Amino acid sequence: MSELKLCQGTKCHTYYTKDRLKGQQGSKTYQTRRRSSMYYGSGNFCSFTCQSDWFSEFGNKAIDHFGRTTEPKHLTEHNAWVKDYDWRGGSDDRTHLYYYVNQITKEQRPLTEAQYNDSNYTLNER
Ligand SMILES: [Zn+2]
């Protein structure tokens with residue numbers, strides 16, 4: 001059995017759904033949902049409602065903790081690189097052609113598949 005995670009929604013247990021009603025007959029309670037995988041908020045919430053409940057309660061604190069944006073960011077040629085690929089769909093040549101494209105200058109640079117899949121690999125200045 002895969003490990004179950006609890007929804008991090010602050011009010012998850014307050015929503016009356018049949019699947020939340022758990023426990024011994026006669027002493028059932030509405031409980032926070034447990035799932036092997038969840039699709040909201042990077043796998044932390046069972047629903048968009050639960051994600052929104054969490055953000056309503058903790059969002060401001062989280063933004064202040066990790067750094068509030070206080071100046072507009074600017075897209076320039078130094079941070080405009082995005083990864084993309086072309087599907088090379090021949091019947092015997094099923095490979096992708098990976099590349100970086102600069103959204104400002106439209107310059108393209110080739111990428112290996114490993115660089116494409118590496119979320120830490122970037123040409124952008126940080
Ligand atoms: Zn939930």
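**View 1. Tyr98 is a buried residue, whereas Tyr116 is partly exposed.** Tyr98 has a relative accessibility of 12% and therefore counts as buried (buried: under 20% relative accessible area; exposed: over 50%; partly exposed: in between; 1.4 Å probe, protein chains only). Tyr116, with a relative accessible area of 24%, is classed as partly exposed. The model is predicted: local features need pLDDT of at least 70 and side-chain atom pairs count only at pLDDT 80 or more, while totals for chains, interfaces and linings use all residues. Residues are numbered from 1 along each chain as its sequence is written, and side-chain values use heavy atoms, with hydrogens and water left out.

**View 2. Four cysteines hold the zinc ion.** The SG atoms of Cys7, Cys12, Cys46 and Cys50 are the protein donors, at 2.3 to 2.4 Å from the zinc ion (donors: N, O and S atoms within 2.8 Å of the metal, or 3.2 Å for Na, K and Ca; water is not among the atoms, so sites may look incomplete). The arrangement is tetrahedral because the four donor atoms subtend angles of 106 to 114° around the zinc ion (tetrahedral: four donors with all angles between 85 and 135 degrees). Along the chain, the donors follow the spacing C-x4-C-x33-C-x3-C. Helices (H or I, at least four residues) and strands (E, at least two) are DSSP runs, numbered from the N terminus. Cys12 is buried, at 0% relative accessibility, and Cys50 is likewise buried at 0%.

**View 3. Trp54 and Phe58 pair within helix α1.** The model holds eight aromatic pairs (rings of Phe, Tyr and Trp, the last by its six-membered ring, with centres within 6.5 Å; stacked: planes under 30 degrees apart; edge-to-face: over 60; tilted: the rest). In the pair of Trp54 and Phe58, the ring centres are 5.4 Å apart and the planes stand at 55°, so the pair is tilted. Trp54 and Phe58 are four residues apart, about one turn of helix α1. Trp54 is partly exposed, with a relative accessible area of 27%; Phe58 also counts as partly exposed, at 27% relative accessibility.

**View 4. Tyr98 and Tyr116 form a tilted pair.** Their ring centres lie 4.6 Å apart, with the planes at 45°. The pair links distant parts of the chain, Tyr98 in strand β6 (residues 94-102) and Tyr116 in helix α2 (residues 113-117), 18 residues apart.

Notes:
Tetrahedral: all angles 85-135°; square planar, octahedral: opposite > 155°, others 65-115°.
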